[in-house]
2 protein chains.
Amino acid sequence: MSVADLTRNAVDVLPKGELEKKLELGRPLRVKLGIDVTAPHIHLGNGIPLQRMRGFQDEGHTGVLIVGDYTARIGDPSGASAERPIIAPEEIDRMAARFFESAYTILIPERTEVRFNGEWLAKVDFAEVLRLTRTVTIARILERDDFANRFAAQQAISVSELLYPLMQAYDSVAVEADVELGGTDQLYNLLTGRDVMEAYGLEPQVVLTTPLIDSWDGTKMSGSKGNYIALVEDPNEQFGKTMRLPDELLETYYRLVMELELPEGDPMAAKLALARFIVERAHGPEAATKAADHFTRVVREGEAPADVPEAPLPPDDPAHLPALLVEHLGVGSTSEARRLISQGAVKINGEAVTEIDVPRVRLEGALVQAGKRRFMRFPAA
Amino acid sequence: MSVADLTRNAVDVLPKGELEKKLELGRPLRVKLGIDVTAPHIHLGNGIPLQRMRGFQDEGHTGVLIVGDYTARIGDPSGASAERPIIAPEEIDRMAARFFESAYTILIPERTEVRFNGEWLAKVDFAEVLRLTRTVTIARILERDDFANRFAAQQAISVSELLYPLMQAYDSVAVEADVELGGTDQLYNLLTGRDVMEAYGLEPQVVLTTPLIDSWDGTKMSGSKGNYIALVEDPNEQFGKTMRLPDELLETYYRLVMELELPEGDPMAAKLALARFIVERAHGPEAATKAADHFTRVVREGEAPADVPEAPLPPDDPAHLPALLVEHLGVGSTSEARRLISQGAVKINGEAVTEIDVPRVRLEGALVQAGKRRFMRFPAA
């Protein structure tokens with residue numbers, strides 16, 4: 001695999017020519033990525049640097065995932081910030097396990113080293129913090145866009161905030177990273193890692209940033225905003241959300257997620273192939289086929305899915321349709337059911353019903369539908 | 001003693017009215033002063049906040065001296081800065097002892113608590129540093145003139161430099177200071193102590209700054225510049241240096257050092273009284289009298305001091321004067337002695353000598369002088 005393949009989709013690979021030198025060392029490189037296991041959802045955007053790591057793993061290099069458990073375990077010791085609650089060790093382990101379930105849909109577990117940074121940060125004393133903080137200037141850290149803007153706007157930046165990028169840099173020292181991966185928003189943090197490694201007498205890491213990805217709402221995909229497609233979630237959800245992407249984003253998703261060129265022709269076909277890819281990566285080919293079928297029948301063609309629940313035929317004749325909808329289809333109330341009926345949203349065997357009381361014979365073996373997604377079936381008499 | 005007495009010569013006492021409230025607590029206040037035991041000389045300028053502490057001690061309060069041994073012991077762990085060598089614990093103890101010898105010419109030892117900040121700083125881990133640094137904003141620390149100027153001039157300020165004022169502030173937390181004393185150059189550090197104490201749930205300290213003092217060369221007195229009068233050094237040195245002060249500084253020295261008004265009349269008499277005060281504080285009244293006598297006779301009137309060393313009469317007659325000057329008066333060589341003689345700088349009983357060979361009878365019981373300061377006496381025959 002060429003350097004061009006290893007750095008596919010990268011935004012920055014710095015400094016120029018250094019990755020080539022690292023590759024010439026002829027040993028497995030240590031390719032670091034700091035992960036946030038406390039993120040509520042691990043999504044396609046998080047997958048992009050993982051895909052890069054996988055590219056290195058395919059060439060025999062080692063992926064090093066850093067779990068930032070130290071800050072999670074300490075939280076905000078002053079208790080002043082609700083954003084940094086203290087997280088119990090077992091909870092961190094549980095969150096990490098969930099993260100790895102997602103990450104290993106992309107990575108090769110045997111070539112992945114997982115490290116918790118409490119391993120080294122818990123041993124750092126004040127003297128070591130001084131040593132660490134002596135390596136970097138305030139101006140260098142304030143170069144970061146987010147800090148620079150806040151500083152210029154005279155917003156409060158606490159001194160502690162300067163320490164977080166330095167902790168991340170210290171992680172690079174501890175694991176002796178050859179390469180550090182991260183989103184473009186991490187560029188300055190990764191470069192700080194270089195400064196600090198050099199100050200600690202190590203060969204500085206190569207910095208490789210990957211793009212963030214936009215979601216269907218035109219903003220960056222984010223686990224906390226609800227506009228995400230998770231790396232691992234219900235196949236039908238993954239499929240349905242992918243199909244919601246606007247056509248203009250297809251080229252980006254092909255390039256970043258599938259690492260393919262967008263084929264010419266029908267965008268719908270391309271989108272279906274993307275959705276299958278995403279489900280297949282998470283759940284395998286069978287799940288992808290089922291999700292595609294489900295989408296085609298239920299969402300697209302409005303047909304019943306294959307696994308519609310059955311309910312026994314009602315004892316009354318005629319049967320009271322609103323009561324049946326409440327009992328078997330999860331409609332909230334009989335008055336809501338009446339409204340759905342009056343809107344033509346309730347169908348028996350695909351045909352809208354307008355009556356409230358239905359002769360039982362019409363229900364025998366019938367598929368009953370409320371809205372687009374709720375289905376049930378009655379047995380034949 | 002009134003608040004006005006306790007705050008005599010203070011530049012800032014902040015916040016207004018808070019010292020009065022502290023005094024109303026009716027218990028001994030803890031009056032903190034951070035000291036630099038690594039300073040090469042402890043001088044009158046260093047004495048000014050000590051005098052303030054003594055004022056509090058006279059009212060039954062406790063002086064708390066903080067020795068910053070922690071940073072001294074760790075030095076600059078990167079070894080990059082020659083300014084921060086690692087200092088061995090025994091050496092710190094030796095330096096501290098020397099400091100206290102000076103400080104106790106002013107303080108009451110029984111009301112002085114000495115604390116080494118390694119006691120608490122050695123226990124601080126990264127989590128505690130984060131807690132500490134979360135209490136203060138970058139902007140707040142950069143308000144300090146020295147930082148503000150360097151930042152504006154785009155000079156490098158390392159992140160570690162922001163931590164030093166926070167360490168000092170943490171000292172205030174550790175000793176639960178009620179008042180912190182310091183020179184005017186310490187104002188922001190002392191105020192930072194207030195912020196941090198408050199964040200740690202303590203009643204913030206009152207901040208009391210004292211003026212720096214100018215020396216005879218018109219610049220701030222400094223132990224590293226050679227323009228200092230040490231709190232403890234040779235009495236004749238103290239006396240002579242004090243007499244070197246220009247008359248314009250007398251009012252300042254009376255006010256800051258003696259805490260008196262400059263008396264009207266002869267400035268020379270006032271200066272002699274100041275010099276006596278400084279020697280007496282360090283060495284007692286007898287030493288002050290001797291230093292005054294020495295100054296009057298030797299320096300001012302060119303007379304021999306009282307304690308001239310004796311040397312035995314030479315065996316030869318006539319005696320070789322240059323050899324005697326080398327042997328007993330510390331003249332560097334016989335040729336230098338010849339030069340001094342030719343310049344009329346060698347006197348026997350106050351009269352210049354021009355001969356190289358001197359009849360022994362002239363030396364019996366005689367006072368021999370080379371230049372203004374070197375004297376010896378021969379016994380009577």
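Colleague: What is the area buried between chain A and chain B, and what share of it do carbon and sulfur atoms give?

Modeller: First, the ground rules: this is a predicted model, so local features need pLDDT of at least 70 and side-chain atom pairs count only at pLDDT 80 or more, while totals for chains, interfaces and linings use all residues. Residues are numbered from 1 along each chain as its sequence is written, chains are lettered from A and ligands numbered from 1 in the order in which they are written, and side-chain values use heavy atoms, with hydrogens and water left out. Buried area here is the accessible area (1.4 Å probe) that two parts lose on being put together, summed over both. For chain A and chain B that comes to about 3,100 Å², and the carbon and sulfur share is 77%.

Colleague: How many residue pairs are in polar contact between chain A and chain B?

Modeller: Salt bridges (a side-chain nitrogen of Lys or Arg within 4 Å of a carboxyl oxygen of Asp or Glu) don't show up here, as the rule finds 0 across the interface. A polar contact is a pair of N or O atoms within 3.5 Å; within protein, one must be able to donate a hydrogen and the other to accept it, and residues adjacent in sequence count only if both atoms are side-chain atoms. With both residues at pLDDT 80 or more, the count between chain A and chain B is 14.

Colleague: Which helices of chain A each supply at least two residues of the side that touches chain B?

Modeller: The contact (heavy atoms within 4.5 Å) takes 33 residues from chain A and 34 residues from chain B. On the chain A side, 23 are nonpolar (Ala, Val, Leu, Ile, Met, Phe, Trp, Tyr, Cys and Pro), 6 polar (the others, Gly among them) and 4 charged (Asp, Glu, Lys and Arg). Helices (H or I, at least four residues) and strands (E, at least two) are DSSP runs, numbered from the N terminus. By that numbering the helices are α4 (69-74), α7 (126-133), α8 (138-142) and α10 (159-175).

Colleague: Which residue of chain A comes closest to the rotation axis?

Modeller: Superposing by least squares on the C-alpha atoms of residues with pLDDT of at least 70 in both copies, chain A can be laid on chain B with an RMSD of 0.7 Å by a turn of 179 degrees and a shift of 0.1 Å along the axis. The two copies are therefore related as by a two-fold rotation axis. The same surface serves both, with 100% of the contact residues of chain A recurring in chain B. At 2.4 Å (C-alpha), the one that comes closest is Asp125(A).

Colleague: Which residues of α7(B) are buried?

Modeller: Buried means under 20% relative accessible area, exposed over 50%, partly exposed in between (1.4 Å probe, protein chains only). In helix α7 (residues 126-133) of chain B, 7 of the 8 residues pass that test, so the helix is largely enclosed by the rest of the structure. They are Phe126(B), Ala127(B), Glu128(B), Val129(B), Leu130(B), Leu132(B) and Thr133(B).

Colleague: Which side chain does the side chain of Gln168(B) make a polar contact with?

Modeller: Gln168(B) sits in helix α10 (residues 159-175) of chain B and is buried, at 19% relative accessible area. Leaving out residues up to four places away in sequence, Gln168(B) touches Lys32(B), Glu180(B), Gln186(B), Asn189(B) and Leu190(B). The polar partner, at 3.2 Å, is Gln186(B).

Colleague: How many residues apart in sequence are the parts that Glu180(A) and Lys32(A) tie together?

Modeller: Their side chains meet in a salt bridge (3.1 Å, N to O), and both Glu180(A) and Lys32(A) are buried. Glu180(A) lies in strand β5 (residues 179-183) and Lys32(A) in strand β2 (residues 30-35), so the sequence separation is 148 residues.

Colleague: Is Arg52(A) buried or exposed?

Modeller: Arg52(A), in helix α3 (residues 44-58), pairs with Glu259(A) from the loop between α13 (250-258) and α14 (267-283), the closest N and O atoms being 3.1 Å apart. Glu259(A) counts as partly exposed at 24% relative accessibility. With a relative accessible area of 3%, Arg52(A) is buried.
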